[in-house]
Amino acid sequence: MGGGGGRPGGESALIGRDGELLAAREALRTAGAVLLSGPGGIGRTAVAAALAAEAADCGSTVLRCTPVPPERDLPYVGLGDLLAGLPGGQLDALLDGLPAGPARAALDAALLRGAGPGGATDRLALGLGLVDLLRALAARADRSGLLLVLDGLQWLDAPTTRALGFALRRAGTGVRVLATARDDAAPAGWWELCPPSTVEVRLPPLTPTAVAQLLARDLGGPLPVALLRDVQSVAAGNPGHALELARSGFRLGLLGPHGVPPALRAAMLARLCPYGAAERRLLLLAAVAARPTLALLREAAGCEPIRLLDGALRARVLELVDPPRPAAPPVGAGGPEAGPRAGELRFREPVLRVVLLAEAGPTELAAARSALAAATADPEERARLAALAQLAPPDARTLAEAARRAHRRGAPEEAYGLALLAIRQGAHDADRLTGPVDLAEPAVLVDAAGYAAAAARWPEARALALRVLAPRAPGDVGRSPAAVVLRTRARVVLLRSAGQAPAGLGELIGEGLAEVGTVRSAQEPAGAVGWAESELLRWAADGRLLAGDPGPAATAAEAAVAAAVPGEAAQRVAALGTLAAVRAARGELRSGRRALAEAAALLRGVADRGARSGLRLGLLRAELALDDPAALRTALAIAVPGHPDVSGSDASGSDAHDADAHGFDAPDLAAITALGLRCAAHARLGDAASAMAAADQLREALATLGEPLAAPASAPSPAPASAPSPVHGLALHAAALAELTGGSAERAGELARRAAAGWAAAGDRLHQVRALGTLGESGLLRGDAAATAVGVEVLQEARRLSTAAGFADPAAVRRLALLAEGLAALGEHGTAAQVLRQGHDLTLRWEGGPQLPARAALDRAAGLAQAGVGNGRAAVDLLRAAAERQRAAGLPLEVARTLLALGSVERRLRHRPGARAVLLEARELCADRTAHPLLARVMRELGRLDQVAALPGADGGLLTASEQRMAGLAADGATNREVAAALFVSVKTVEGTLSRVYRKLGVRSRAGLARALAAGG
C-alpha cells in the first residue's frame, strides 16, 4: 500500500521510494540493523517487504513477525510468530540440536512446547538459548545470513522485546534486523530491542507525482482531476491515506468534507481519545480556522490554548509553524504583562483536520465558526466563517467584496470560495426578500469564474462563465455597455480555460465582437465597449497565431492596441505583448522589440501588484519568442524574482506551507505559468540545473492540481485528444526542454511527442511545430543513426508546417539549422544545402536585428554541411566563428555544441590535438552546467579519438562520418540495399556516397575499399 503499493513478492516496484530503499540497503549491509519509521500509512510495510524479498532472493533466511495491538499483552506471541516462519520440522530439529539444559527448557516454555523450570521462565536462560538458535539459523544460510523482519515494533509484546534485545546484542554479524515503527505509537523503550548500530530511515511523504502514479496503478487508471486534487490536498503525500480517500470518492465541499472513509475516520478518532472536552473544542477550532494561531484560539475559546494543547503538540497531532516568542513591551508598559506573540498552528496530518470537521455536528460547527468570526481580525476570514455559520451571515455584497480583496492580494483559491459563498448567500437573500436583491449576480458569477480560472479550476471556471452567457429571460440579450463588459469577461474566462487553439474559439470571439458592434451602433459610451473590443481582438490575435495564421493575427493585434481604452495601462500592455509575439512569429523582430519596449515602459504605471506580475509573465513569453539572450535574462530576473515555489510566493513571501481556505497548499495559474516560463528560459540560456529544478517543481505543482505530467508506469500515455488543461501542453513542452538540456534526451523526446500530439489534436500549429522541433532535436542529440533518421523525419514535418504557416521567427530558423545538421549526418548534402538557403532567407526578414543565437546555429549547420562534402578547412572556419559569436552572447551550451561539431571535424581531418582541445573544453562546459545529454555526446566523440582516425582521401578531402559508416558496412560485405536499410537512407544515396568514397580513396572495388580502410586504421 503505502510507499508504492509494492507487493511483498516484489512483483511491482515501489513508487517514489528509491532513496529510502538505497539508504536501507546500505545500512543493512554496513550496520546490520535498520529501523523504518514514519506515520501510519506512509508505507513502512511495503518498503520492508521489498527489502525482505531482496534478501530472500540473495539467499538469506528471512523470518518475519507482524504484531497487532490486541495481542500486545500476550507474552512471547511475537517470538512464536517469528519462528513460525521456518519450514515445517526445521524448528523442531534446531531445538533438538541444542544441548539439554535451562536454555533449551526456557525456549520450549516460551514457545509453549513444555513447562518452564520451576513454573517461571528464566530470562537469562531464554536469552542464551535464543542466541544459540539465531546463530544456528544464520549458519544454515551460509554467507547470506539471517534477516529478522519486525513489522510494527510498537505492538511487539514486552517479553519478546526483552529476549530479542538480549540475543541480538550477542548473536554476531550473521544476524540482521529490519524493524518498522510508527511515529505516534512507538514505545518509549524500543531501542531496548534494536542493536546500538541501528540506523533509522524515516519515510517522508511521497511527492504529488508519485502519489498520482500510485493511485493510477493501484486503482486501474488515472483519477478524475477534481477527485485527485482533493485527495492530494488531504493525503499530503501519505500513500495509505491517499488510497483510502480515493477509493471512497472523498471530496472537499464548500460547506465541509464528505466521503471520509470509515477506517481512516476510526484511526484518526482513536488518536483523539486521550483528549478531554476542552482540548477537543480547541482542536475543532483549529480545524475550522483557515490559519489557526494561538492568539486566535485564545480569543475564540477564552482560555490559554498552549497549556491545553500541550498533549496534542507532544503527540505530534499539531505542530507550531511559528513558535511564540516574547514580545517587546510597549513604551511605559510594565513588561511582564505583555503576552507572547501568537504562534501559528498546523495539523501534522491534514486528514485529522478533515475528520474533525466531518465528525462535528451542525450546531457544534456553527458555534465554532461564530466564535472564530468574532475573534479574527482578518475581514475575509470573518466573512467566510460568518457565512458558513449562518447565524448572522453577511450579505452577498459583503462576501463579494471580501472575495475581491482576497484576489487582489494573490489568493485566488480563497477568493473563489468567498465568491461561491456570495452566490449562495445571494440565493438565500432572494428567497427571503420580496424586492430585488442588492447584488448584480452576473457580476459575481463572472468574478467567481475568473477566480476559478486563476486557481486553475478549469471545469468550475467554464461552468460559471457559461451561466453568465446563457440567456436569462426572453428578450433579455444584455446589450448595455455594462452587460457587454460582463459577457466579454465571461468569454475571456472561457478562452483562458479552453486550452490551446480549441475548436469554436473564433465563433466565441465573433459573437462577442458582434455584441460590441451592436452597442456601438446605438451610440453608447465608448469606454467600457472599447475595453471589451480590445480584449476580444487580443484573444483573436492570439488564436490566429496559435492556429498558424500570423498575418491576420498581426492585423487583430494592431487593432487591439488601437482599441485599448486610454488610461487602461494594463490592457494596453497586454495587447502590446501579444503584438510583439505576433511580430516575432512573422520575422518582424525590430518592430516586435519596439512593441515590447513600449509595453515595458507602460508596465511601470500599473498599480495593481497582481496584475503587474501577470503582465510581466506575458512580456517574458514575448521575450522568449524574440530570442535576445541579454534581454531574456533581464526579463527573467524581473518577471520571476526570487525563483517562486509552486505556491507562487517568492523568497520573501510567506511560508511555503501556508494553507489556503481549505487548509492545504495549492499552486495557482500564475505559479504554473511562472514555472513553465522559467523552465523554458533557463533551458534557452543553457542553465541546465535551474531548468531541471523548475521542471521538477512544475511536475509536482500540476500533480497537486490533479493533472500529473507523468503517465502511470503500467498504463500507456494519455490520449492526446483527452481535453488537456490550458497549461498541460505548455508544461509538457517546458519539461521536455529542461530534459533536453539537463536530463535525458529519451525523456525529452517522449514529453515533446505527447505535447506535439496534443497540440495537433487541438489545432495549435505554433506550439505543435515547436514541440516537433524539440522532438527532432532529441533524436539528433542521441547521436546514433536510427535516432538521427527519425529526428530528421520529425524536423521535416516541422519544416513543412512552419513554412505553410509562414513562421519566420528565430525558433523556425533554429529548427532549419537542426534539420540541416541531421541531413548532413545522413549524407543528404543536397537537401541540407536547400534547407540552409531557406534559413538564410528567413534571417533576411529580420530587419537587421543581430539575432546571434539563430544565425550562429545556421553557421554551425553550414560548417557541418561543408565537412560533409569534404571542405574541411571551410568547415573549421565556420565553426570557429560560430563558437565565438555564441560565446559573446553568453550561451555556454550552444558553444559546447559547436565545439562538439568542431572536434568531430578536426578528428576527421586527423588534427587530433586540436580535436582533443576543443572537445575537452566542451566537456568542461557541459559538466559545469550538468548538461547530461550533451555531455554524453561529447564523451562519445572523445572516445572516438582513441579509435580509427578519419581517412584522408587521395584528392585531399576527407571521409565524413556518414561516408565512414557506409564504407565500413560495404567493406564488411553488406549490399547497397543492406547498407541503406541499416542507415535509414535510400539505395540511391548509398550508391552516390560510395562513389564519392571510391574517388576520395582512389580505389575501384570493395576489396580495395577494405584494404584502404585497414591501412587508414
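User: Why does Leu14 count as buried?
Analyst: Leu14 has a relative accessibility of 12%. Buried means under 20%, so Leu14 counts as buried. The value comes from a predicted model. Leu14 belongs to the segment before helix 1.

User: Why does Arg538 count as buried?
Analyst: The relative accessibility of Arg538 is 18%. The limit is under 20%, so Arg538 counts as buried too. Arg538 sits in helix 25, residues 526-546.

User: What does Arg538 touch, not counting residues up to four places away in sequence?
Analyst: Arg538 touches Ala560, Ala574, Ala575 and Thr578. A touch here is a pair of heavy atoms within 4.5 Å.

User: How many of the residues of the protein count as buried?
Analyst: The protein has 1017 residues, and 53% of them count as buried. Its secondary structure comprises 47 helices and nine strands.

User: What share of the contacts with a separation of 6 or more comes from residues 24 or more positions apart?
Analyst: Such residues account for 69% of those contacts.

User: What makes strand 2 and strand 5 edge strands?
Analyst: The open sheet has five strands in the order 2-3-4-1-5, with parallel pairing. Strand 2 (61-65) and strand 5 (199-202) each pair on one side only, and they are the edge strands. On average, neighbouring strands of this sheet are turned by 15° against each other, direction ignored.

User: How many bridges join strand 2 to strand 3?
Analyst: Five bridges join strand 2 to strand 3, residues 146-151, and the two run parallel. A pair needs at least two bridges, so five bridges are enough for strand 2 and strand 3 to be called paired. One of the bridges links Thr61 to Leu146 in strand 3.

User: Which strands does helix 1 lie across?
Analyst: Helix 1 (residues 18-30) lies across strand 1 (33-38), strand 3, strand 4 (175-182) and strand 5. Its direction is at about 150° to strand 1. Helix 6 (residues 123-140) lies across strand 2, strand 3 and strand 4, at about 120° to strand 3.

User: Is helix 1 roughly parallel or oblique to helix 2, and why?
Analyst: The axes of helix 1 and helix 2 (residues 44-57) come within 11 Å and cross at roughly 50°. That angle makes helix 1 oblique to helix 2, because roughly parallel is kept for angles under 35 degrees and roughly perpendicular begins at 65. The crossing is right-handed.

User: Which residues of helix 1 and helix 2 meet?
Analyst: Leu21, Ala24 and Arg25 of helix 1 meet Val47, Ala50, Leu51 and Glu54 of helix 2. By class, this contact has five nonpolar, no polar and two charged residues.

User: Why is helix 5 described as it is relative to helix 6?
Analyst: The axes of helix 5 and helix 6 come within 7 Å and cross at roughly 95°. Helix 5 is therefore roughly perpendicular to helix 6, because that label covers 65 to 115 degrees.

User: Which residues of helix 5 and helix 6 meet?
Analyst: From helix 5 they are Pro102, Ala103, Ala106, Leu107 and Ala110, and from helix 6 Ala125, Leu126, Leu128, Gly129 and Leu130. The classes are nine nonpolar, one polar and no charged residues. Gly counts as polar.

User: Which residues of helix 5 are buried?
Analyst: In helix 5 (residues 102-110), the buried residues are Ala106, Leu107, Asp108, Ala109 and Ala110. They pack against helix 3 (77-83), helix 4 (90-97) and helix 6. After helix 5 comes Leu112, with a positive phi near 60°.

How values were computed
Residues are numbered from 1 along each chain as its sequence is written. This is a predicted model: local features need pLDDT of at least 70, side-chain atom pairs count only at pLDDT 80 or more; totals for chains, interfaces and linings use all residues. Side-chain values use heavy atoms; hydrogens and water are left out. Helices (H or I, at least four residues) and strands (E, at least two) are DSSP runs, numbered from the N terminus. Axes are lines fitted to C-alpha atoms, for helices over the stretch in contact, and angles run from 0 to 180 degrees between N-to-C directions. Buried means under 20% relative accessible area, exposed over 50%, partly exposed in between (1.4 Å probe, protein chains only). Angles under 35 degrees count as roughly parallel, over 145 as roughly antiparallel, 65 to 115 as roughly perpendicular and the rest as oblique. A crossing is left-handed if the near helix is turned anticlockwise from the far one by less than a right angle, and right-handed if clockwise.
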